[in-house]
Amino acid sequence: MNKKQKITLVSVFAAILVIAAIVAGALNYRETQAGKKEFQVEVVSDRDGYSETTEYTSDAEYLGEFLRTMEGCEWQEREFGIYITGFDGMMEDFDNQYWWSVSVNGESSMTGADEIPLTDGDVYNFTLMQGW
């Protein structure tokens, strides 16, 4: 393969990556809503025998922004945004492979809480899961 062919191949590969990133962003994009939103937060931990659903109202645009102010939510700021460590004392436990999963209206989230828009009427579920 000569130099010109290598440059062309690298250019095509780079273009494919850019297009894939744009398509992925478009497919995962959800528009935010301004103003007050009413929604539910459900916290479930079978390990702790706990299941509670609470109604909230907030002006926050994203779930992560709201969680930083939610009483009982325990979190850490990480490189990629908020990381949920517990709710009302029910903490993750890496030694036993317990971690918090988030879903929106019954569908597992493919993004972190800082990228999940708060939407009027949505249900945000946090379930303590076990196993990787």
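1. Strand β1 (residues 37-45) runs parallel to strand β8 (residues 123-130), and five bridges join the two. Here strands are DSSP runs of E with at least two residues, helices are runs of H or I with at least four, and both are numbered from the N terminus. Within this pair, Glu-42 faces Asn-125 of β8. The model is predicted, so local features need pLDDT of at least 70 and side-chain atom pairs count only at pLDDT 80 or more, whereas totals for chains, interfaces and linings use all residues. Residues are numbered from 1 along each chain as its sequence is written, and side-chain values use heavy atoms, with hydrogens and water left out.

2. Strand β8 also meets β6 (residues 98-104), this time in the antiparallel sense and over seven bridges.

3. Two strands are taken to pair if DSSP finds at least two bridges between them.

4. Strands β4 and β5 are joined by two bridges, and Gly-86 lies opposite Met-91 of β5.

5. Taken over the whole chain, the secondary structure comes to two helices and eight strands. Read from the N terminus, the elements follow the order α-β-β-α-β-β-β-β-β-β. Of the 132 residues, 30% are buried, meaning under 20% relative accessible area with a 1.4 Å probe and protein chains only; exposed is over 50%, and partly exposed is in between. Among contacts (heavy atoms within 4.5 Å) between residues at least 6 apart in sequence, 54% join residues at least 24 apart.

6. Which residues line the largest pocket? They are Ile-82, Tyr-83, Ile-84, Trp-99, Trp-100, Ser-101, Val-102, Ser-109, Thr-111, Gly-112, Ala-113 and Phe-126. Strands β4 (81-87) and β6 each supply at least two of the lining residues, and β6 has the largest share, with four. A pocket is an open set of points, on a 1 Å grid over the protein atoms alone, where a 1.4 Å probe fits and protein lies on both sides within 12 Å along at least five of seven lines; lining residues have an atom within 4 Å of a point. The largest pocket holds about 270 Å³ of space, the volume being that filled by probe spheres set on the points, which are joined across faces, edges and corners.

7. Phe-94 may be inspected next, in the loop between β5 and β6. The residue is partly exposed, with a relative accessible area of 45%. Setting aside residues up to four places away in sequence, Phe-94 touches Tyr-83 and Trp-132. Tyr-83 is also one of the residues that line the largest pocket. Between Phe-94 and Trp-132 the separation is 38 residues in sequence and 9.8 Å in space, C-alpha to C-alpha.
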